[in-house]
Amino acid sequence: MIDGITSFLASDIRTATPILIAALGLVFSERAGIVNIGTEGLMLIGALMGVIGSLLSGSVLVGAIVAIAVTMFFSLVFAFFIITVRADQTVVGTAINIFASGLTITLNRVVFGVSTSVPKIDVFDRVAIPVLSKIPVIGEAFFNQSIPVYLAFLAVPAGWFVLQKTNIGLKLRAVGEHPKACDTVGINVLKTRYQAVLFSGLMAGLAGAFVSMGQLSFFTEGMVAGRGFMALAAVVFGNYTPVGVMFAALLFGAGEALQYRLQAANTGIPYQFLVMLPYLITVVAICMMTRRSNKPAASAVPYSKE
Amino acid sequence: MAFLEMKGVTKCFKSVTANCDVSLSVEKGEVHALLGENGAGKSTLMNILYGMYDQSEGEIFLNGNKVHIKDTKQAIELGIGMVHQHFMLIPALTVIENVILGLKENKMVLDLNIAAEKFKEMAKKYNMEIDPWTRVENLSVGQQQRLEILKALYRNAELLILDEPTAVLTPQEVVGLFDMVRKLTSEGHTVIFISHKLAEIMEICDRCTILRQGRVVATVAVKDVKNREELASLMVGKNVELVTRKKEATVGEEILKVEKLCAINQDKHPVLTDVTFSLHAGEILGICGVDGNGQSEMVKCITGLHKIKSGKYFIKSVECTHDTPKKVLKHKVAHIPEDRHRMGMIKNMNIEENLILMCYDQLPFSRHGILNWKWIDKHSEEICKTYNIKTPSIKEMAGNLSGGNQQKFVVGRELDRDPDLLIAVHPSRGLDIGATKYIQSRIVEERDKGTAVLLVSTELDELLELSDRILVMYRGKVMGIVDQKAATREYLGKLMAGITDI
């Protein structure tokens, strides 16, 4: 029983991690007034690029850096269209998702062929933290995880601090609420929004790399499977705060972890229904969440001076 | 040498010239008015000075040095501060966050406590109490304006531009603002005061530059100006009569009766509490109050656009409390709504289509669901002629007309239905003097014909001039109903601020 709890917690934290990483990035862009619906696609690109980078270099770190660099490049393209050209954020974001889906399928087949044998690559290994990982029940779950997991959870207080206590955080929040007012006090609205989008791209890249090299150890087509959208949902459910987002990610992650357990437990329920579970939880959670006090006033509204 | 000198400033937006060869000279320590009608180019000129727009041509000198202000950051560094007509505050942030937002000296990690100390000290100097830790959304409009001024002073502004600062204030708050302006100039600050309210300019300003259609008409010393009419004729370009004449009211039967009306808003807060009054044929009842004290909700309740929680209202003794807007209109109710762009017209439809929005399904406009365009054309032409609407044709998109002409066709559409009850909300908002006078005289005409008129306005002068009785609202309650002859600005002002023990 205790073992069951420990392994469920460990599994929840692992499944929550990619959602959390992406959602933390999204908190920043959403607060700056940008709804980055293309996160799903960016994560997918990150997942593939991580694997390619890791395969070619033999190092998971290089893989992660490649993933981040490429997703940041695509975020820059996204930012250009929605901030400079002032195109509709939903349309451009959807375009990124469709593009990413096609790009990753093509690249995957070009690079790896249609073989069934999976090359072995360097992935994120678990790093047990001395002493702490020996705590009963929770030690194994919380302190015997891979580096990105630790990073994700450390990024929660760090993100809160940046958002609430620093100059850039204040600017970000202000830009999402009332960009014109920011302009009148000399803040470069477009630059601030670019920074926010690039940061959310960075996090999406890392999140994608974790999906393919932390949870699994290779790339499969469409493997992000809605985690980008769940991250978007987590931002709303978490009321646009890093701490809220963490609980949302853990909840959505629990759905996935539970789904694995139930499949393994042989309950007799067709597995198709079990696979639905995390998505169902997300939908129900979002429907229940009607208080959105931190939603920025200028969300999804492009800014121009005249 | 003048403190600020703008020479030959020209600004074009695409094909429209907003400022043409404008020259302005402001002395240190004076209050300089910028007077002009809507669209005369006052705000554009000041936005250029504040770095929001780039001028197409022209030069700016500050203290004799030529400056090129390319963005607001630079304007702030040069000691220019601007309080915009629509406040540039972020409601979701705290006062102190708003104050320090975007400051150059901000460190990576903010120290709000030190900033709050400095801010409090400054606020005290100007006799203002604002809690630096409260969110701006909790402040009253008057407090927000003072915060805007303090925000500019915190940035060491020497030149303060106030864009229509009194538009949103009660008379008492205006007095407070003027005291502050006097204190600022006595300390050596310079103030540019944008307004189209002549009385205020006469009261507070030293000199006045008048703009008309983007050009400077004159700069006059206010003490040499004989009366308001003189300024008005400079602003409009011809002699204007500022008073709308009207004869004694002949009051008839009761048309509208409102009994203990209560309503709540989306957040379930009460917006109307026990509103009771009655309105008779042939009189104008003015509804007075600072914007957002329930006037808008009251009108929406009476026209079926807002749900009534409790209470009743009757039109010609028929209860209409839960009627749909369409049913209310059937009682010969005309409604000139508060925001013509959002409620009064459809910008992307042409004038004649806009003119039939209320009666498209009635004879002779249509028969069996087929519109009779021939008749509609003829009818629309007639309305345009009667109401003096200047448009190339009745097929012109409504959005392409000037504000005055848009309002005229809204008024025309409503009065054409020969109403028994006319509800006019801010009928002259954003209009120039000519259009304002025209619309006001039409409303008085309608009253003389025996229509009951409910007039909602935030302009005290308009209310005092047109109304027979004035009802004052404060926080959704009726503070009192005053006969026009007995009403003074001071008395109404106190009621508007919620003070009853007078």
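Which residues does A:Ala234 touch, not counting residues up to four places away in sequence? They are A:Ile19, A:Ala23, A:Val245, A:Ala248, A:Ala249 and A:Phe252, where a contact means that the C-beta atoms of two residues, placed from the backbone, lie within 7 Å.

## Basis of the model

This is a predicted model, in which local features need pLDDT of at least 70, side-chain atom pairs count only at pLDDT 80 or more, and totals for chains, interfaces and linings use all residues. Residues are numbered from 1 along each chain as its sequence is written, while chains are lettered from A and ligands numbered from 1 in the order in which they are written.

## Nonpolar cores

A:Ala234 is, with A:Ala23 and A:Ala249, one of the residues that touch the most other members of the largest nonpolar core, which holds 159 residues. Helix H9 (residues 189–215) of chain A gives the most to this core, namely 14 residues. A second, separate core has 70 residues, including B:Ile308, B:Val333, B:Val425 and B:Leu463.

A nonpolar core is here a set of buried Ala, Val, Leu, Ile, Met, Phe, Trp, Tyr and Cys residues joined through C-beta atoms within 7 Å. A residue is buried if 20 or more other C-beta atoms lie within 10 Å of its own, exposed if 12 or fewer, and partly exposed in between, with C-beta atoms placed from the backbone. Helices (H or I, at least four residues) and strands (E, at least two) are DSSP runs, numbered from the N terminus.

## Contact between the chains

Between the chains, 22 residues of chain B are in contact with 20 residues of chain A. On the chain B side, helix H2 (residues 72–77) gives the most, with three residues. The residues of that side comprise 14 nonpolar, four polar and four charged; Ala, Val, Leu, Ile, Met, Phe, Trp, Tyr, Cys and Pro count as nonpolar, Asp, Glu, Lys and Arg as charged, and the others, Gly among them, as polar.

## A residue of helix H4 in chain A

Helix H4 (residues 89–112) of chain A contains A:Leu107. This leucine counts as partly exposed because A:Leu107 has 15 C-beta neighbours inside 10 Å. A:Leu107 and A:Ile147 are 40 residues apart in sequence, and their C-alpha atoms are 27 Å apart in space.

## Domains of chain B

Chain B is divided into domain 1 (4–236), domain 2 (244–332 + 420–502) and domain 3 (340–418), with bounds from an automatic or database domain assignment. The centres of domain 2 and domain 3 of chain B, taken over C-alpha atoms, are separated by 25 Å.

Ten residues, written 10 in the count, of domain 2 of chain B are in contact with nine residues of domain 3 of chain B. Helix H15 (residues 433–448) of chain B supplies the largest share of the domain 2 side, five residues. That side divides into five nonpolar, one polar and four charged residues.

## The four-stranded sheet of chain B

Four strands of chain B form an open sheet in the order S2-S1-S4-S5, with antiparallel pairing; two strands pair if DSSP finds at least two bridges between them. Strand S2 (16–26) and strand S5 (65–67) each have a single partner strand, so one side of each is left without a neighbour in the sheet. Neighbouring strands are turned by 25° against each other on average, direction ignored. Helix H1 (residues 42–49) of chain B packs on the sheet, touching S1, S2 and S4, and its direction makes about 115° with that of S1(B). Axes are lines fitted to C-alpha atoms, for helices over the stretch in contact, and angles run from 0 to 180 degrees between N-to-C directions.

Strand S1 (residues 4–13) and strand S4 (residues 57–62) of chain B run antiparallel and are joined by five bridges. B:Leu4 stands opposite B:Leu62 in S4(B). B:Ser56 lies in the loop between H1 and S4 of chain B. Leaving aside its neighbours within four places in sequence, B:Ser56 is in contact with B:Thr10, B:Lys11 and B:Cys12.

Strand S14 (residues 310–315) of chain B runs antiparallel to strand S11 (residues 254–264), with five bridges. Two bridges join S14(B) to strand S15 (residues 318–319). In the hairpin of S14(B) and S15(B), B:Lys316 takes a positive phi near 50°.

The buried residues of helix H17 (residues 489–496) of chain B include B:Leu492 and B:Met496. Just after H17(B), B:Gly498 takes a positive phi of about 85°.
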